[in-house]
Amino acid sequence: MNSEQEWNNNKNRFCSLWISQQVDPEDTTHVESVWQIISDKYAEPSRHYHTKTHILDCLKQLDSAKHQVPDFKAVELATWFHDAVYDPTAKDNEAQSVVLFKKLADGILPEELIQKVSDLIIATLHIDQPADLDQAFMLDIDLSSIAGTWQRFTRDNSDLRKEVKHLDCKEYCQKKIGFFKMLLDKERIFFTDFFHEACEQKARLNMENFIRFQALTEKCNC
């Protein structure tokens, strides 16, 4: 099954979630347009990593921790929307994703839920400590791909590189290595015990190998 088929197979999951959280769950007039908007967003030709595949992978990680996430539906909604707006040259993608989510949810979803989902999306800036366990799971899910196989890890890096063609190789590698070193300097990368146990060791190994490889070749390989 390709990613497009898998995405379409998850349409009912998204629509059921959206409708179940509406102020008026009997009103089904909005959900089709919401689904189409996010589908179009994640299919933009400039995307290579921040795609439907990334969202589907995040949903699988979320499902793996389903019984430990306090507000599962809020985190699931945030997962669907957290990269809905992605401009590789911009620095406010998370904020713009919130703007889009609020525009689509305004008057349809409860205000408290809209705010919670918005806060979860903003948390994926990976700047601040998570405010609660739901945000901790959101952050861990978003970073879980760095704990994949080496083949998957290098493929993801290649896809990320394709999205930032405006950066030259040296600048890209400096930013990537800087980000990895920032994560490696932390006492623990993953905030939740669930993802710490499942991902920490492999993620560290992948990032250390990436940095070591760049140092051995004495040039940027991007």
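**Figure 1. Ser118 in helix 7.** Ser118 is a residue of helix 7 in this predicted model. Its relative accessibility is 2%, and Ser118 therefore counts as buried, the cut-off being under 20%. Leaving aside residues up to four places away in sequence, Ser118 is in contact with Val98, Phe101 and Lys102. Ala74 is 44 residues from Ser118 along the chain, and the C-alpha atoms of the two are separated by 9.5 Å.

**Figure 2. Helix 7 and its cover.** Helix 7 runs over residues 111–123 and has 13 residues. From first to last C-alpha, helix 7 reaches 18 Å, close to the 18 Å expected at 1.5 Å a residue. Its buried residues are Leu113, Ile114, Val117, Ser118, Leu120, Ile121 and Ala123. An α-helix has 3.6 residues a turn, so residues three or four places apart point the same way. The elements that cover the buried residues of helix 7 include helix 2 (11–21), helix 5 (72–81), helix 6 (93–105) and helix 8 (133–143).

Figure 3. The loop between helix 7 and helix 8 contains His126. His126 is not a glycine, yet its phi is positive, at about 60°.

**Figure 4. Helix 9.** Helix 9 comprises residues 150–163, 14 residues in number. The distance from its first C-alpha to its last is 20 Å, close to the 20 Å expected at 1.5 Å a residue. Buried in helix 9 are Phe153, Asp156, Asn157, Asp159, Leu160, Arg161 and Glu163.

**Figure 5. Leu167 in the loop between helix 9 and helix 10.** Leu167 lies in the loop that joins helix 9 to helix 10 (169–184). Leu167 counts as buried because its relative accessibility is 11%, below the 20% limit. Its contacts, not counting residues up to four places away in sequence, are Arg161, Tyr172 and Lys175; Arg161 is also one of the buried residues of helix 9. Pro88 is 79 residues from Leu167 in sequence, with 9.9 Å between the two C-alpha atoms.

**Figure 6. Ile211 in helix 11.** Ile211 belongs to helix 11, which covers residues 193–217. A relative accessibility of 18% places Ile211 among the buried residues. Beyond residues up to four places away in sequence, Ile211 touches Ile177, Phe180, Lys181 and Leu184. Leu120, one of the buried residues of helix 7, is 91 residues from Ile211 along the chain, and their C-alpha atoms are separated by 30 Å.

**Figure 7. The whole chain, for context.** The chain has 11 helices and 0 strands, in the order α-α-α-α-α-α-α-α-α-α-α along the sequence. The C-alpha trace spans about 60 × 35 × 35 Å along its principal axes. Buried residues make up 49% of the 222 residues. Of the contacts with a separation of 6 or more, 66% are between residues 24 or more positions apart. The accessible surface is about 11,600 Å², and carbon and sulfur atoms account for 50% of that surface. Among the side chains, 27 are positive and 37 negative, with 8 Å between the centres of the two sets.

Technical notes
Residues numbered from 1 in each chain as written. Predicted model: local features only at pLDDT ≥ 70, side-chain atom pairs only at ≥ 80, totals over all residues. Heavy atoms only, no water. Helix = DSSP H or I, 4+ residues; strand = E, 2+ residues; numbered from the N terminus. Expected span 1.5 Å × (residues − 1). Buried < 20%, exposed > 50% of the residue type's maximum accessible area, 1.4 Å probe, protein only. Contact = heavy atoms within 4.5 Å. Areas by Shrake-Rupley, 256 points an atom, 1.4 Å probe, with all protein chains shown as cover. Lys, Arg positive; Asp, Glu negative; His and termini not counted. Charge placed at Lys NZ, Arg CZ, Asp CG, Glu CD.
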